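Take a walk through this model, one chain and one ligand at a time. Keep the viewer open as you read.

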Amino acid sequence: MHKALVMKADACTGCHQCEMMCSYGKVGAFNPAKSVMDITIFDGGAVNVPSTCTQCEDAWCMVVCPVQAITCNPATGAKEVSAEACVGCKVCSIACPFGAINYDPDSGVVSKCDLCKGEPMCVEACPTTALAYVAQDSTGYERMRHNALLAAGL
Amino acid sequence: MHYVIAGAGPAAVAAAEHLRELDGDAGVTLIGVQSQPPYSRMAIPYYLTGKVGEEGTYLRRTEDHYEKIGIDLMCGEVVSVEPGTHQVVLADGQQVSYDKLLLATGAEPIIPPVPGMDDPRVQQCWHLEDAKRIIELAKPGARAVQVGAGFIGCIILESWVLREVNLTVLEMGPRMVPRMLGDKAGSLLQSWCESKGVKVHTGVRVSAIESSEEELQVVLDNGEICPADVVIVSTGVKPRLDYLGGSGITIDQGIVIDEHMQTSVPDVYAAGDCAQGLDFSTGKTAVHAVQPTATEHGRVAAANMVGANNLPYKGSLNMNVLDTLGLITCSFGAWEGVDGGDYGELYNPENFQYINLQFKDDVLVGANSVGYHQHLGVLRGLIETRMPLGPWKDKLKDNPVLLADAYVGVNQAALQKAQ
Amino acid sequence: MSWTGNILRVDLAAGTCTSEPTNMEWAHDYMGQRGLATKYLVEETDPKVDPLSPDNKMIFATGPLTGTIAPTSGRWSVVCKGPLTGAIACSNSGGFFGAELKNAGWDMVIFEGRSASPVYLDITNDQAELKDASDLWGKSVWDTETALRDRRGDPDVRVASIGLAGENGALYAAIVNDMDRAAGRSGVGAVMGSKQLKAVVVRGTLGVTVNDPMALMKTSNAAKELLAEHAVTGTGLPTHGTQVLMNVINEVGALPTRNGHDVQFDGAHDISAEAMAEVRESDGQANLVSNHACFGCPISCARRSKIDPTHFTVKDKPQYQIVSGGLEYEAAWALGAANGVKDLDALTYANFVCNEQGLDPISLGSTIGAAMDLYGSGAISQEDTGGVALEFGNTEAFVAMVEATARGEGFGKELGQGSRRLCEKYGHPEFSMTVKSQEFPAYDPRGIQGMGLTYATSNRGACHLRSYTVASEVLGIPEKTDPLVTEGKAGLVKAFQDATAAVDSSGTCVFTTFALSGEEIAPMVDAACEGDWSVERFVEVGERIWNMERQYNIAAGFTAADDTLPERLLKDAAKTGPAEGSVNRLDEMLPEYYELRGWDASGVPSAETLGRLGL
Ligand SMILES: Cc1cc2nc3c(=O)[nH]c(=O)nc-3n(C[C@H](O)[C@H](O)[C@H](O)COP(=O)(O)OP(=O)(O)OC[C@H]3O[C@@H](n4cnc5c(N)ncnc54)[C@H](O)[C@@H]3O)c2cc1C
Ligand code: SF4
Ligand code: SF4
């Protein structure tokens, strides 16, 4: 069974350490604007919610891509973007109902969470227990997704 | 069991692969007219700009992909469908039998019925071959006239500008991309293009294209004339249906299909640009000639073909995203609003920013945006899940830019409730 | 690397923004943020300048670690000559603004001159432009930030702005970023107001690169582990915030109460961290909603609070019935104990107002305390206060004064001048609990001797954040010293002052120093920056900065006579608690301090000292 990123809003303090490490992994600089892990802050910081790609099984982004630029890494289950193959059409970015894959005008291609080949840097960076990389099923976000899909009748 | 698919575009390939996944033993045959491996029309603009080579437009990246997973690729043009005998007939006379048939022949460009369209310097931008020819014609400094500023027109427009041609765009509608963007968004896009040196005329119709050895002259209905070295025609698409005469399959705008993607004839299904399927937003049927619909149709059709019509489809959400010279616009669902609906709007013309969110009660039903590229997918999520926005609706009406926050907030609230 | 190498110079009179390279030689000698910005100020302005004149400059500065993976990397500072004190001012803030500025590619922004009409500075990466702010002038910090975010149509922009207090020239007006983080002290907000600069809005997407990322990650992880394990940074601050101190300091007998009349407050528990977490009877909720972190901070000491919606302060005011920045210890003390007020929600409301209109709660609370003292002694009456019975402990009177000061109305206008000016005006300068005109914070020097020397010698006027000897004298960090003895305190203060100056120049938060020393922080700087940053060099930079600030103040007209404390602390003995009977014995510490600093008997750095530090 693949492991999954577990994101717990109640433990998140909104410090953005995860975003810094994530962006470092992606672009080689500490640059939250380029992080694919996102911390959404509500009530001026009373509630902080980490979110990123849930690595869906039949991933919308992967299915819709016109040039097979998104493929599943069998080792991790992560849906990975090939920057060489991606033409930057952005169709995946509107197809993903979680808004978890986004176009980067600086690179001309999309970026999303790839679980850092099985060693997520965000988890490494998180000073609380808000992020963990553990065996699947138990992730809050999975359940969130499940609920969303039920509602959508998909 | 033998599944046959007419067409070899994204809808066809998505269906073929899903059929393979669901029914490992069956035969799956894809019939396409082109000699090259199945490719993606959507990738043509990037081929034009040189971002990818020809291989970069192929739907699948490994050469033996189809062979490896046991999909037969057949080159040929389907010229008729005979439901009685469960056969399709190809242009060369070959007959192919099917147990279940999927029609995924896509769309073809609409060519305006005006004189002069047959000059070789007047080009569609539809096939890979068209693209190759345009590359020849669109030399730096050349005068190019693009007829049509629909969504495909707006995407390919960038290719001409990058090729450093001198570009004029003519659009019959009152604004650019009239079927995808409202007034404010369309005019923002227009002023953006103009700021990048593209001449844009809206509300004009081409009445003829006159040609001489040296140049073309595009004659407008208001009497004006635009001289050109190359004319690109991008005036919309229509489903490709010419081969269906005598098949008995019901046709309206496209091939009419039910919630199981089946046509009016048993064992024949349709998907993608050629199909007129359920529209998520209206509950009626419509042709949504876009990539997400094509792939989703393909997969849902495959499931119903294998599973004896047991996966009803929720309908496709019309959606689109364009990048026009760096300005990103998008549209989702009922962006024009619904009866008794309500909306929130952000309009910052000086920054080329616009968001329009359409609600029915406290549910998002449609949206337009200009100048944003982050988290656009949540618009789909909010619309398709019909999640009640609760207190977030008023916040979004005040400040539509908070839509990603709203999405996370609504989900977070739902999650807390579930716990 | 680590420094962006770019400074944005904004000429408000001319309306221009220009980019120039950071002076890297100075960066190597003064690191960044507090040190580097002060160096620029020293080089570019006359120390005698009128702080509110166009000739004063104001610098927004980040440090080399700002915006990096180093823990607490959200810090930034505002440096200028302070209008409250007439001394060097450097106010440090957290939140997200600083990291955003760094991500936009700027080490510092230097503001000079004065705009003819209200403007705001709009920065997106290397694009910077002054824009008209006429429609924002007169708006609160909260409304300004919201309006600018809407105008930019980008939810990720960060804003630093002033409210009415800064516009009206309240001498302890703050600059507030991210709604409730503030460059709070010494009146930097008044300087911003005097320049007619309403706000700075910034979006940065360029990223921050460092010299040796792997080494920085390694050293940062080591630092993070220490922070997590430490009782203060790993448990105390995350669970209780700085308010963890309220009961502790009260028990030590060092909680200045009712304008310094007492050193213990009977209402301390009512306004403590513990009280914030207690469920209120009225609405079944606690004042404290959650904790929150600044950018890059694993400690997360910030509080989010909500006032009981039926409380008299907010009853018909929905704009305050929100979750917002709650009480920190200093604010709770200044607004509460210093005035004898123990209504937690009233203090929270006052704190909200300070954030909303940009005021330093320490100076505000202490000044109201002084006014209450004046009122109690008969020096002022209801005629002066606009009919308010300004007695110690009168919650309604306190709230009325907070509101009046925030808006610069009536008696509030005088309160906005700070306690030194107020008390002098009404003939009782001895009632002012200030050093160099700046109100001192929440530690009574009679109960914690080292804090007396800290206040007396602080370059920006009385302040706990220049050398927090409380760490040693009360909390036992790095080792326990007796708060009631003076011996050894001169050395302690000097060491803390130098280390703090270095930390304040690095881009990280001084709160890390509970758990970390130069031994951990210098290696992070070393990893991030070019050049060799040994622990010794790190501390030496701190000492250099301290002496540079001192020189600036001397040039501005300060002398050894200003290195003193209010009489009350030197003459009136503490009445209760462990410190009962003692006064602050500054005279036992100051000469030794001068000597250790390498200053002469009149507190002037010797030529040798200056030479040693390359000044
Ligand atoms: C330039 C361009 C840009 C586009 N950009 C976007 C975009 O950004 N986003 C988006 O969502 N959509 C975009 N589209 C639309 C998108 O490409 C189509 O919606 C999608 O390709 C539809 O897939 P399909 O499989 O239904 O049809 P098609 O892709 O049209 O494929 C049909 C295939 O069937 C073959 N065929 C047709 N008739 C027969 C026959 N009788 N016998 C055998 N084979 C036959 C055709 O040759 C073709 O290969 C764009 C289209 C173009 C042309
Ligand atoms: S990017 Fe979106 S669609 Fe793709 S795997 Fe992640 S959550 Fe699923
Ligand atoms: S943007 Fe790239 S990854 Fe996304 S659908 Fe287009 S080509 Fe595929």
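In which strand is the place of V176(C)? V176(C) sits in β10 of chain C, residues 175–177. Helices (H or I, at least four residues) and strands (E, at least two) are DSSP runs here, numbered from the N terminus. V176(C) is buried, with a relative accessible area of 1%. Buried means under 20% relative accessible area, exposed means over 50%, and partly exposed lies in between (1.4 Å probe, protein chains only). V191(C) is 15 residues from V176(C) along the chain, and their C-alpha atoms are separated by 13 Å.

Two notes on conventions belong here. This is a predicted model: local features need pLDDT of at least 70 and side-chain atom pairs count only at pLDDT 80 or more, while totals for chains, interfaces and linings use all residues. Residues are numbered from 1 along each chain as its sequence is written, chains are lettered from A and ligands numbered from 1 in the order in which they are written, and side-chain values use heavy atoms, with hydrogens and water left out.

Stay in chain C for helix α4, residues 141–152. Its 12 residues reach 16 Å from the first C-alpha to the last. That is close to the expected 16 Å, where the expected span is 1.5 Å times one less than the number of residues. Buried residues of α4(C) include V141(C), W142(C), L148(C) and R152(C). Just after α4(C), G153(C) takes a positive phi of about 60 degrees. Further along chain C, the peptide bond from I477(C) to P478(C) is cis, with omega near -5 degrees. P478(C) lies in the loop between α19 (470–473) and α20 (489–504).

Now chain B. An automatic or database domain assignment sets the bounds: domain 1 (2–109 + 238–306), domain 2 (122–235) and domain 3 (326–418). The C-alpha centres of domains 1 and 3 of chain B lie 33 Å apart.

Strand β20(B), residues 275–278, has two partners to look at. Two strands pair if DSSP finds at least two bridges between them. With β18(B), residues 255–256, the pairing is parallel over two bridges, and I255(B) is bridged to A275(B). With β21(B), residues 285–286, two bridges run antiparallel, and L278(B) is bridged to T285(B). The hairpin of β20(B) and β21(B) has six residues between the strands, and G283(B) there takes a positive phi near 80 degrees.

A second hairpin joins β24(B) and β25(B). Residues 342–348 and 353–360 pair antiparallel over seven bridges. L346(B) stands opposite I355(B). Four residues lie between these strands, and F352(B) takes a positive phi near 55 degrees. H375(B) also has a positive phi, about 60 degrees, although it is not a glycine. H375(B) lies in the loop between β26 (363–370) and α8 (377–385). At 17% relative accessibility, H375(B) counts as buried.

Which chains does ligand 1 lie between? Ligand 1 lies between chains A and B. It is surrounded by 35 residues, the closest being A11(B), Q34(B), R41(B), D273(B) and Q291(B). A residue is near a molecule or strand if one of its heavy atoms lies within 4 Å of it. A backbone N or O atom of A11(B) lies 2.9 Å from an oxygen atom of ligand 1. For V290(B), a backbone N or O atom lies 3.3 Å from a ligand 1 oxygen. R240(B) places a polar side-chain atom 3.3 Å from a nitrogen atom of ligand 1.

Chain A has five helices and eight strands. The residues around ligand 3 include C65(A), C86(A), C89(A), K90(A) and C92(A). K90(A) has a positive phi near 75 degrees and is not a glycine. K90(A) lies in the loop between β5 (79–81) and α3 (91–95). At 3% relative accessibility, K90(A) counts as buried. Around ligand 2, the shell includes C53(A), C56(A), C61(A) and C96(A).

Notes: Polar contact = N/O pair within 3.5 Å; in protein donor to acceptor, adjacent residues only side chain to side chain.
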